[in-house]
Amino acid sequence: MGDAQRLLQAIPLESYIGRYVSLKRRGRNLWGLCPFHREKTPSFAVSPERGIFKCFGCGKGGNLITFVQLYENVDFPAALRILADFAGIKLSSFAFETPTQDSERKEILALLEWVKEEYRQALVGSPAQEYLRQRGVSQDAISHFEMGYAPSESRFLEKRLAQRFGNNSSLWQKNYEYLRKLGLIRENQEDSTSYNHFWDRLIFPIKDLSGKTIAFGGRIISEKENVGKYINSPESKVFQKKNSLFHLYEARDEIRKAGQAVLVEGYFDVVGLWEKKIANVVAPLGTAFTLEQAKTLKRYTNRVLFFFDQDAAGFGAALRSLKITRQLGLEGRVVVLQDAQAKIDPFDLSRTKNYEEILLFLDKAWEEREFVLWYFFKYRYNISKLAEKKQALLAFLEYVADLENEIEKEEYLRAASDELDSSLEVLKQEFRRRQKLSQETKVAQTSSKEKPYFNDERILLFLLHFPFLLAETTLLEQYEPSTEEARKLFAYLKDRFQAGQPVSLRDGPELTLVFTSQTMLAFLAQLALSELNDDLEAKHQLEPSEIRNLFLNEVLLIQKQKLERKLQKIQQELVYKNNEEDLALVQEIVSKIQKIDRTLRSSRAI
């Protein structure tokens, strides 16, 4: 049994997904709000019996491994590692990775470790070391974060490569190419000369969850015109910014112990708080907090404290981040230091406050509603001015509209009525008016889209419930799958039947390992969760001849629908031209439809 099958058998689908989605039983399946798109009416279904999930809103579906891939935004091997860690199962192998891919990844990671050590050695006696001393960064912090220095030499890494590999030109060339692909070495297009991505910068290694160095962040140590204060390694096959968090590898256990993560904006903010024994601190990599980063944090905690710069940009980022944590069911809070500490950042605070004082600020972090009310009605807008009061209310109502709980919405509106000294009923009326306008717009947009015709579901479900029908080759010749997914599944079912190994719906987990593309997994999930299954389950008591006649009806109905669409198209063309050949074709199609109707009527009693 392979690793994937062992994990699927060991971990109940509904238990794992239930950690991220509130599921309620309805019939044989469990339903909840989809974690992959915003919705207010549950359209996300989980079938514990068949080990499959499907969202009928956005179309995503598959098995447990697919869920982890989609939710964590990782590839198949990484999803297996996450599930194995969750279940405490040791993976036997990674046969699904080609030896070349596995070897190349290992070589790249080993090279990045070497680069990290070169930067660390270059820090000693460098301007960056003096810069750290001036900012009061301790030697313990320098060691803990493995800080380094990229010297102000344009070809520092090339020289180090030459020293390392000497006369071995093939190894030098191989590693040079790796560094070029990683973006650490760049080439001028005009003369092909190379230069380093990082130079004259303090270096922070960025690690993955196994502690491997996957990228670097660099900060300037002296002000320069037209130069960004911070830059990161370009994205590569081992590093995607939106999925990574600085210091998470080191902070994981502390986050679990504290029951919360402290999210700050920059590398130095992390360093400063760590020096004050706040070890459960992490940071995004110079970008806004992402859904993928929030999903990663959710593996370790259900609460995130946003401790951003105490200015307009920082509080605006906190507001956007709260929407992300709420979307995932995480509790988001915001540290607000009030006017006395205006425009200060966490690093600056760590230079003047001790552990107890900083911990007190964190303990007093504001809940989402408290922060939202303060942000719109006391910080961003001056509601003593009528025009700004209207703007504040509009922005606030847009925020409230995203809340999923009606009781929570009312509490927000009630609190706002107090802040604005306005009638609660007036606010409710305005909120409902705006909701109605928004809903009407969505309905108009939805109705303007044509729903795709789907004629394969009943045929394939018949074959999955009653595999003996695959012996009806003459009958099956009349069925033409209308989608690529249906064609693949139909061909697979026929091949397995001819090999004497028929596949039924109960083999759903096996099918999700045979077909691994997202479109195929979503298609399989749709079949497994179709309401038609209950109807077909009830027909298992019928005789095979009765089931065959029912199946014949399904094939004939599909043929009839295709003919009717073809007839409609020809009739539309006849409006503009009177072609005798087309008229003859119309008569032929009508005759075929009438023949199908007679056959269907003759079997109506079945």
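This is a predicted model: local features need pLDDT of at least 70, side-chain atom pairs count only at pLDDT 80 or more; totals for chains, interfaces and linings use all residues.
A residue counts as buried when its relative accessible area is under 20%, as exposed when over 50%, and as partly exposed in between, using a 1.4 Å probe and protein chains only. Residues are numbered from 1 along each chain as its sequence is written, and side-chain values use heavy atoms, with hydrogens and water left out. Strands (E, at least two residues) and helices (H or I, at least four) are DSSP runs, numbered from the N terminus.

Strand 10 has partners to look at here. Two strands pair if DSSP finds at least two bridges between them. Strand 9 (residues 201–207) runs antiparallel to strand 10 and is joined to it by seven bridges, with Pro205 opposite Phe216. The hairpin of these two strands has five residues between them, and Gly211 takes a positive phi near 90° there. Strand 11 (residues 230–232) also pairs with strand 10 in the antiparallel sense, over three bridges; Gly217 has Asn232 as its bridge partner.

## A buried lysine

Lys116 is found in helix 5 (residues 99–123). With 5% relative accessibility, Lys116 counts as buried. Leaving aside residues up to four places away in sequence, Lys116 touches Glu146, Pro205, Thr213 and Phe216, where contact means heavy atoms within 4.5 Å.

An open sheet is formed by five strands in the order 1-2-3-4-5, with antiparallel pairing. Strand 1 (24–26) and strand 5 (61–62) stand at the edges, each with a single partner strand, so one side of each has no neighbour in the sheet. Three bridges pair strand 1 with strand 2 (residues 29–32) in the antiparallel sense, and Lys24 stands opposite Trp31. Helix 3 packs on the sheet, where it touches strand 3 (44–47), strand 4 (52–55) and strand 5, and its direction makes about 45° with that of strand 4.

## An enclosed helix

Which residues of helix 12 are buried? They are Glu292, Gln293, Ala294, Lys295, Thr296, Leu297 and Lys298. Because seven of the eight residues of helix 12 (residues 291–298) are buried, the helix is largely enclosed by the rest of the structure. Its buried residues pack against several elements, including helix 3 (64–72), helix 10 (248–258) and helix 13 (312–327).

## A pair of packed helices

The axes of helix 8 (residues 156–165) and helix 9 (residues 169–182) come within 10 Å and cross at roughly 150°. Axes are lines fitted to C-alpha atoms, for helices over the stretch in contact, and angles run from 0 to 180 degrees between N-to-C directions. Helix 8 and helix 9 are therefore roughly antiparallel to each other (angles over 145 degrees count as roughly antiparallel, under 35 as roughly parallel, 65 to 115 as roughly perpendicular and the rest as oblique). Leu157, Glu158, Leu161, Ala162 and Phe165 in helix 8 meet residues of helix 9, among them Trp172 and Tyr176.
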